[in-house]
Amino acid sequence: MSSLSLTTDRLVLHDFKMSDLPRVHKYASDPEVVRFMEWGPNTIDESKDFLRMTISHQKDNPRRYFDLAIVKKAENCLVGGCGLHVTSPHNREAFIGYCLSRDSWGQGYATETAKGLLSFGFSQLRLHRIFATCDPLNLASARVLEKSGMQLEGRLRENKLIGKRWRDSLLYAILEHEWKLNN
Ligand SMILES: CC(C)(COP(=O)(O)OP(=O)(O)OC[C@H]1O[C@@H](n2cnc3c(N)ncnc32)[C@H](O)[C@@H]1OP(=O)(O)O)[C@@H](O)C(=O)NCCC(=O)NCCS
């Protein structure tokens, strides 16, 4: 089975390898990066477990979990992780997510990543609907989803336990025909 690699203007999104551990642990152990996540800040063992788990899914057939490293082409430097998980093969539905090291924020990389994942989902996996959620306080992520062409569908109440607190989520989604209008 060949390794998955998606290319955007400035980034390569590719299958994780065990050797990515130091760069993955850099963002996954940063409390500011994981502030709105259900996981983290990771210990080194948790980052290793994440990599082992995600690498094991690379062999699934059919594959439903696509967790990919975000690598800056110019410097060949891993700056984050992203994922597309098929939630329902029957409904051809998936969700996407992304996470970047703090020193790579504010340069459009998350938007480029989200657009790359949408393109992969609709053009290669032939999905019908792709959704994403973000914390209402995560204004940067909400903006990324808007800039990627996704529409706000509503607010899920207290669907995430983050730390010891129940948090709401904003639900964004885009349908196949909406994506095709601009791509
Ligand atoms: C959220 C995150 C992915 C954004 O990545 P990024 O590469 O900085 O995003 P982009 O540069 O593509 O776009 C960010 C947009 O949000 C805007 N933004 C950033 N901080 C903001 C804030 N506090 N309030 C409002 N808008 C904000 C930026 O101005 C930009 O919009 P613009 O292009 O219209 O100016 C990044 O901060 C991150 O990894 N955070 C930690 C992990 C995380 O929260 N992941 C998402 C989980 S749902």
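A: Let's start at the ligand: 20 residues lie around it, and Ala110, Thr111, Leu139, Ala140 and Arg143 come nearest (a residue is near a molecule if its C-beta atom, placed from the backbone, lies within 6 Å of it). This is a predicted model, in which local features need pLDDT of at least 70 and side-chain atom pairs count only at pLDDT 80 or more, while totals for chains, interfaces and linings use all residues. Residues are numbered from 1 along each chain as its sequence is written.

Which elements supply this shell? Strand S5 (93-100), helix H3 (109-124) and helix H4 (139-147) each give at least two residues, and H4 contributes the most, with five. Helices (H or I, at least four residues) and strands (E, at least two) are DSSP runs, numbered from the N terminus. By class, the shell has 12 nonpolar, seven polar and one charged residues (Ala, Val, Leu, Ile, Met, Phe, Trp, Tyr, Cys and Pro are nonpolar, Asp, Glu, Lys and Arg charged, the others, Gly among them, polar).

Now follow S5 into its sheet. This is an open sheet of eight strands with mixed pairing, in the order S1-S2-S3-S4-S5-S6-S8-S7 (two strands pair if DSSP finds at least two bridges between them). Strand S1 (5-7) and strand S7 (151-162) are at the edges with a single partner strand each, so one side of each has no neighbour in the sheet. On average, neighbouring strands are turned by 25 degrees against each other, direction ignored (axes are lines fitted to C-alpha atoms, for helices over the stretch in contact, and angles run from 0 to 180 degrees between N-to-C directions).

Finally, back to a helix of the shell: H3 lies across S1, strand S2 (11-15), S3, S4, S5, S6 and S8, and runs at about 155 degrees to S5 (residues are in contact if their C-beta atoms, placed from the backbone, lie within 7 Å).

How values were computed: Contact = placed C-beta atoms within 7 Å.
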